[in-house]
Amino acid sequence: MRRKPGQESRRVGLFSLLIPILGLLLLATAGCWDHLEMPDVAWILGMGIDLGSKPGWYRVTAMVINTRTTFGPVGPQGSATEPANFVVSAEAPSLLEASRLLTARLGRRAYYVFADVIIIAGDVAKQGIAPLEDFFSRDRQFRRAQRFLVAKGLASDILDVRGTVEERPSILITKALDHAGQTGLSEMVTKGQFEQMMSNPGQDPVLPVVERVPTESQNVGRFSATLPELGGTPAEPSSPPEPEGVPPESPSSPIMEGGVRSTLQVTGLAAFRNDELVGFFDGDETYGLVALRRGFNNTPLTVTLPPDQTPPLVRIAPPSLPPGKGSSTQYHSVPATPPGSSTRPPAGRLSALLFASAPQIQPLVTPSGGLRFRVILQVNATLTEVWGGYDLLNTEVLNKVKRSIEQEIRRRIQVALDRCAKLQVDPVGFGLKLYRSHPQRWSEVQQHWPQLLASTPIDIRVELRTLNPGLSVGVPMHGRRGTEGSNLRR
Amino acid sequence: MNLLPERVLPPQEAGPVSRAVPPGGRTPPGRRSRPGRPFRRGQQPGPAHGPKQGEGLGSGQGLGRPTPGPQIRPGAPVEGTPPIYSLVDRASRTPLSYRVAENLQRIKVILGNSADLVTRTLHVPALSGRLVGLSWLEGLVDGVRQSEYIVASLQKGKSLQEGPARNLPEQGSAPREVQGIGETSHVVTRPRPRESEGLVDFLRQHLLAASDVSLGRTWEDVLKAVLNGRTALFVDGADQALLVETREVPARSVAEPEVESVIRGARDGFTEDLRTNTALLRLHLQSPALRFEEIRLGRQSQVPCNIAYVAGVAHPQLVQEVRSRLLRIASRYSFNLGVGALEQLIEDHPFSLFPTIHHSERPDKIVAQLVEGRVAIIVQGTPMVLTVPTLFWEFIQSPEDYYERPYLASFVRMLRFIMLATSLTLPSLYVALVSFHHEMVPPPLALRIAGGREAVPFPAVFEALLMEFSFEVLREAGLRLPRPLGQTISIVGVLVIGQAAVSAGIVSPVMVVVVALTAIASFTTPSYSVAISLRLLRFPMIMVAGTAGLYGIAWFTLVISLHLAALRSFGVPFLSPVVPFFGEDWKDVFVRAPWWAMRRRPHLYTRGSRQATAGLVPQPALFAERARRGNREKE
Amino acid sequence: MWALGTHLVLGTATIYAPGIVTQFAQQDAWLAVLLAGMFLAAGGTLLPLLTLAAPGKGLLRALEERTTWLARPVALVYGLFLLHLEALVTDEVSTLWQQATMAQTPATFFIVTVGLLAAGAARAGLETISRVATLVAATLIVLTPLMVILGLNMIHFDEFRPVLATGWEPVLAASQPATGFFNEVLLLALIWGNMGDVRAASRNRGQRFWQAYRNVLLIVLTTTLISLVVTGVVIAAFGPREVTRMLIPTLEYLRVIRLGEFLQRLESGTLFFWTWSIFVKAAILHFLACEAWAVTFGLRDAKVVSLTLLGPLVFLALSLTRDPVHFQNYIMVWGFVSFPFEVLLLAVSLFFIWLLQGRVRPPESRPAPSDHPRKVARP
């Protein structure tokens with residue numbers, strides 16, 4: 001590129017402008033392909049998948065939020081009769097087509113980026129979640145942080161609940177999941193965790209279960225499952241609670257006109273083998289399973305103290321119980337009970353909040369090929385309710401209380417393990433631990449692992465390290481022990 | 001009188017710097033110049049600094065040869081200063097006459113009988129009644145000084161016969177000649193070789209009471225002086241003129257600069273008069289090393305311009321570069337237009353959006369920069385003083401930072417950085433998030449924005465551009481309003497109009513908030529020129545964000561960074577000391593280290609010379625004494 | 001120079017390497033990355049050797065000084081390879097952004113924008129590129145620990161167990177593609193001499209070697225560390241089997257970073273910063289390609305061809321755009337594909353430089369510099 005001497009090149013000046021010019025041209029001719037205005041989008045906050053009416057078809061339900069009325073500018077548009085969110089369904093042979101049908105029905109593009117909750121009907125889960133999970137992992141709108149749930153019954157029913165304290169059921173579910181530790185009866189499993197559990201060797205996935213329950217019913221939930229004397233119904237898998245005499249709520253009827261308010265409850269876990277639903281964990285089983293998988297996070301526990309541990313000092317007359325529902329507790333009855341105390345609950349019960357991190361699971365392989373597992377769970381407890389006025393300053397009493405708590409935890413874990421064995425699944429991940437520490441042994445046993453696990457001895461060691469009595473150490477009782485000066489502080 | 005010349009003479013070249021292409025050979029590389037065009041990249045020699053590792057070179061060949069600039073001899077006037085050249089009167093190139101009458105007539109002709117030109121004659125008794133002519137420009141001259149120091153001293157001088165006047169030529173020894181003008185009767189003869197010098201010298205040394213008297217040998221000198229406020233004094237029998245300093249020009253008093261005010265600090269500001277400005281600099285920096293060099297700008301206007309630097313601190317090659325650039329354009333324009341034009345004529349990157357020359361109205365700031373090794377350019381007629389070289393980070397520094405303690409100064413400086421980035425990117429980020437990446441917005445906020453946007457008929461890009469444009473209009477309108485109202489109206493205006501637009505459903509409420517925040521952020525930038533650059537850049541950035549979302553913003557930001565990284569200001573990379581990295585200089589970029597910690601000058605144009613000794617941390621005298629004793633013991 | 005080398009590697013290594021390496025080595029992928037770093041440290045000795053053999057010159061210029069019959073073909077090969085590499089980089093940008101957020105934007109858009117940026121940067125010169133590279137490198141260095149910290153709740157170091165369950169062969173196999181990415185540092189040989197060291201003349205050969213090798217080691221350290229962190233974090237968060245399933249594991253990791261309920265789904269934002277590094281890599285590659293093509297045509301100044309190369313680049317990128325699965329397969333053999341260009345050719349050229357070191361051609365026979373002052377290199 002020679003130039004004659006003295007010739008100032010004007011071309012190069014233009015040449016260097018070429019880049020900005022090209023850039024501007026690019027800008028002007030670019031098509032804004034992904035430009036998506038907010039009013040063109042339907043925000044879907046929750047998604048439900050049911051079986052379609054034809055075999056192999058899916059019915060997708062979406063809960064859409066009505067941004068115009070909920071968040072729009074203050075003015076005459078907002079009205080009380082327009083719902084804040086509504087539910088749309090569509091049926092199609094595949095999830096993608098169903099989603100497109102939803103777009104067609106909504107008039108706006110279905111946008112799942114804020115869809116935190118994906119509810120899968122139990123029937124769909126029984127057929128296998130793998131095709132769903134494949135769809136969710138390829139599409140960029142779905143994320144690993146979205147939560148999967150299994151619904152007992154129809155997923156569309158779950159999404160259609162209204163009148164709860166949260167306006168949107170998906171928020172209700174999300175918050176319930178986030179506070180799953182508060183109940184101890186479920187746990188949050190995200191899509192990513194589910195996939196990870198599916199792909200991990202030696203672990204079977206679980207998902208929380210959501211169901212619709214009426215709020216003003218006698219059913220106080222599953223808390224009381226272990227205490228039949230309180231009138232709770234025993235746990236039953238896959239039977240949605242139907243209060244008698246209550247007409248089923250239609251999805252579109254406003255909440256005010258008749259019907260019973262219903263809300264959602266997230267309790268229990270659904271067990272999967274590979275990707276197929278094989279059964280449910282309920283009640284204590286869930287409790288124990290969650291304890292094995294995650295430990296405790298502010299989880300409540302109610303313990304009945306066995307009779308021989310009732311401390312001799314305190315006697316409160318038990319109420320007269322109907323026959324047939326007698327508790328296994330024997331009490332030493334003491335006269336001089338104040339009148340009207342027959343309604344008191346029986347003595348020997350306490351509630352505590354438990355904190356524990358996930359238990360250590362150690363596989364022990366003997367050289368001869370024997371296998372056993374040791375589970376060590378270290379728990380810290382905070383007492384919240386103590387019925388019976390125990391003197392916790394007494395070391396003996398304290399140890400007995402501790403023992404009873406440990407025993408109860410152990411019992412529940414055992415129940416969970418029994419259920420795992422019955423369902424032939426390994427949701428805790430014993431096999432995974434074995435794989436990680438003894439990969440050769442794992443490769444030998446992995447074919448028949450769940451059956452093998454059922455027959456493998458598992459030592460469960462629960463250690464209650466600290467027991468925090470809270471801000472008080474006892475209930476002052478006038479005329480009983482406690483007011484006689486030093487008796488309380490012996 | 002015919003004022004037009006018969007032919008127009010070509011402009012004289014101003015020295016070796018702007019030499020035209022030598023015939024018969026290739027131009028040496030790196031020395032291409034054309035009249036009238038500003039300096040181009042690749043031509044400045046720049047201060048030599050060793051290539052640092054990691055800085056890298058271009059293709060590695062063909063480094064331009066350094067300029068053989070004009071040599072500077074101490075004490076001599078700068079060579080290459082362009083001569084006066086008037087297209088109007090060729091006669092101005094003639095020498096001075098030894099007759100007063102002719103000289104006075106000539107000056108009237110040259111200045112075109114200008115209404116403010118005053119001439120008078122008087123007889124000096126000390127020179128035996130010799131005629132002396134004075135001419136000056138009314139309005140530029142202090143009448144009191146003039147009458148006292150010149151007229152009175154001339155009229156009261158002693159007689160010729162006494163003292164040193166003995167050697168002066170006699171008046172009456174020559175034959176009579178008829179005088180054309182004037183009332184005198186004595187004759188004027190052509191002086192013998194040394195006579196006029198002696199005469200003028202006598203006047204200067206013994207008669208005139210004025211302190212600043214210089215000699216004018218040609219009409220250029222006389223005109224320059226008279227136009228600058230001096231009084232020209234012609235003597236019969238001498239072909240040189242005395243130029244007496246009698247300047248008193250109408251000038252603004254020294255006041256605080258309005259756009260660069262500080263809470264704590266000096267409050268004087270430059271004025272339009274060159275000498276006042278140099279005086280202010282001298283007041284702030286009383287060092288013998290502070291030098292001023294004069295260059296006259298403009299072929300016809302001859303506006304004085306001073307280059308200020310601190311000898312021994314400023315790199316001599318930098319000073320040379322400034323000098324040569326100014327000289328290059330000094331005779332290219334007929335009339336100099338002030339500092340703004342000057343800046344645009346000597347800057348390195350005329351097509352760039354970012355300024356590479358800094359300017360200020362504050363003497364303390366200029367002095368601080370001089371002490372760091374920069375060169376200042378002061379021009380008569382504008383209170384702005386330019387400094388070179390400039391780094392990008394200076395546009396974010398404010399003199400306030402140096403008067404406050406380091407914590408506040410550092411915090412405010414970091415705030416300014418964040419605001420700088422915000423003012424450039426906030427609207428485009430909003431547009432990108434709302435149009436492309438909805439998932440990044442937290443859901444409650446996203447749904448709220450969505451609700452707000454339901455009513456708006458425009459896409460977000462258009463909304464943003466509309467609001468930004470209206471804000472620019474408001475801001476510009478606010479400049480024309482009286483000062484206290486101006487700034488307030490621009491911000492309040494945008495909020496009020498924005499609110500009205502929201503109620504009308506034209507824009508969404510979040511957009512108004514975004515634009516107002518951007519406006520406030522842009523006001524925190526201390527330098528107006530960079531604020532303008534960012535304002536201009538904001539619009540293409542919004543468009544890019546509307547086209548390609550965050551990818552577009554990333555792309556555009558990188559383009560801007562590339563551009564900034566390629567800029568040089570008089571040879572110094574624009575983004576130093578961040579890149580290329582000079583650790584010691586980081587003390588004044590993002591934070592403001594305490595004064596006792598800044599011990600070295602900026603690296604690139606002073607080689608990091610020390611400006612302070614060690615051990616300056618304020619501490620009780622006892623500890624300092626012990627430390628010093630400890631140091632001495634070690635030696 | 002450190003910044004240039006870092007970006008050359010990290011631009012692609014952090015995006016593609018974790019997935020590929022995990023496919024081979026599962027949970028021992030981090031060992032593979034370490035191995036790759038060691039291989040690079042070994043191969044990097046070629047660069048100081050170049051400094052010794054031809055101080056102050058890049059590889060091609062040094063070769064050109066001594067021969068023409070060898071310099072031109074070598075430069076041609078490098079030129080083609082570099083264009084190919086740059087096309088792959090633009091492909092990577094488009095894949096990333098399309099997968100992450102902008103699904104409908106055509107690849108052409110990304111290709112043209114990256115090409116324009118790279119051409120403009122190459123035109124501005126190596127100095128400018130290295131300054132921007134330093135700026136962006138600082139951003140990367142801050143971003144990587146931030147990425148780790150934000151994802152701490154997901155990281156379980158248990159995922160690394162069992163260590164070396166399948167032995168060393170998969171680890172070695174996995175280190176091949178990683179080495180292919182890392183060896184891109186050796187492409188800096190084309191401009192290695194431009195890193196001037198004024199005091200070089202006063203040192204003996206050993207000291208000069210270590211001086212130059214120190215720079216290489218610094219690059220190796222940074223890139224290995226960051227790649228290690230990224231790979232490790234990705235495996236620790238998802239487990240090796242999941243990582244194998246993902247197309248771009250790093251992107252998936254960015255997608256799950258969350259700061260509570262308020263800030264989540266931030267992958268576009270983190271990609272924003274990451275893209276800068278890839279842009280810089282494209283710019284460096286473009287400059288190297290300009291250098292190579294300049295030597296091919298006997299030009300002294302590399303900048304003149306920068307805009308011209310934009311055309312072949314876009315064409316190449318468009319025709320090479322593969323579907324991501326095909327691309328994954330290609331990357332798996334990348335260690336073998338790139339080895340001859342990056343290492344072998346360099347070694348062979350070095351050998352010839354050393355061999356012919358007495359034969360520097362006189363300056364008159366070299367083509368004259370282009371006259372325009374803009375093309376004259378600035379100090």
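# Briefing: domains, salt bridges and backbone features

Chain A is divided into domain 1 (38-240 + 247-281) and domain 2 (299-317 + 332-487), with bounds that come from an automatic or database domain assignment. This is a predicted model, in which local features need pLDDT of at least 70 and side-chain atom pairs count only at pLDDT 80 or more, while totals for chains, interfaces and linings use all residues. Residues are numbered from 1 along each chain as its sequence is written, chains are lettered from A and ligands numbered from 1 in the order in which they are written, and side-chain values use heavy atoms, with hydrogens and water left out.

**The two domains of chain A**

- The contact (heavy atoms within 4.5 Å) takes 20 residues from domain 1 of chain A and 21 residues from domain 2 of chain A.
- About 1,500 Å² is buried between domain 1 and domain 2 of chain A, and carbon and sulfur atoms give 59% of that area; buried area is the accessible area (1.4 Å probe) that two parts lose on being put together, summed over both.
- On the side of domain 1 of chain A, the residues that lose the most area to domain 2 of chain A are Pro201(A), Gly202(A) and Phe281(A), which together make up 32% of what that side buries.
- Across this interface of domain 1 and domain 2 of chain A, the rule finds 6 residue pairs in polar contact, both at pLDDT 80 or more; a polar contact is a pair of N or O atoms within 3.5 Å, where within protein one must be able to donate a hydrogen and the other to accept it, and residues adjacent in sequence count only if both atoms are side-chain atoms.
- The elements that give two or more residues to the side of domain 1 of chain A that touches domain 2 of chain A are helix H8 (180-183), strand E8 (262-273) and strand E9 (276-281) of chain A, where helices (H or I, at least four residues) and strands (E, at least two) are DSSP runs numbered from the N terminus.
- The largest share of that side of domain 1 of chain A, 4 residues, comes from E9(A).

**Chain B as a whole**

- Chain B has 17 helices and 12 strands, and of its 635 residues 53% count as buried, a word that stands for under 20% relative accessible area, whereas exposed stands for over 50% and partly exposed for values in between (1.4 Å probe, protein chains only).
- Among contacts in chain B between residues at least 6 apart in sequence, 69% join residues at least 24 apart.

**Salt bridges**

- Over all chains the count comes to 58 salt bridges, each being a side-chain nitrogen of Lys or Arg within 4 Å of a carboxyl oxygen of Asp or Glu.
- In chain A, the side chains of Arg138(A) and Asp134(A) meet in a salt bridge (3.0 Å, N to O), and both residues lie in helix H5 (residues 130-138) of chain A, 4 residues apart, about one turn of the helix.
- Arg138(A) counts as exposed at 66% relative accessibility, whereas Asp134(A) is partly exposed with a relative accessible area of 34%.
- In chain B, Arg374(B) forms a salt bridge with Glu394(B), with the closest N and O atoms 2.1 Å apart, and both Arg374(B) and Glu394(B) are buried.
- In chain C, Glu291(C) forms a salt bridge with Arg61(C), with the closest N and O atoms 3.0 Å apart.
- Because Glu291(C) lies in helix H12 (residues 267-296) of chain C and Arg61(C) in helix H4 (residues 59-66) of chain C, the pair ties together parts that are 230 residues apart in sequence; both Glu291(C) and Arg61(C) are buried.
- A network of salt bridges links Glu133(A), Arg144(A), Lys191(A), Glu195(A), Glu242(C) and Arg245(C).

**Backbone features**

- Most residues other than glycine have a negative phi, and most peptide bonds are trans.
- In chain B, a cis peptide bond joins Val388(B) and Pro389(B), with omega about -15°, and Pro389(B) is placed in the loop between E10 and H9 of chain B.
- Another cis peptide bond joins Ser576(B) and Pro577(B), with omega about 0°.
- Gln424(A) has a positive phi of about 60° although it is not a glycine, and Gln424(A) is found in the loop between helix H11 (395-423) and helix H12 (430-437) of chain A.
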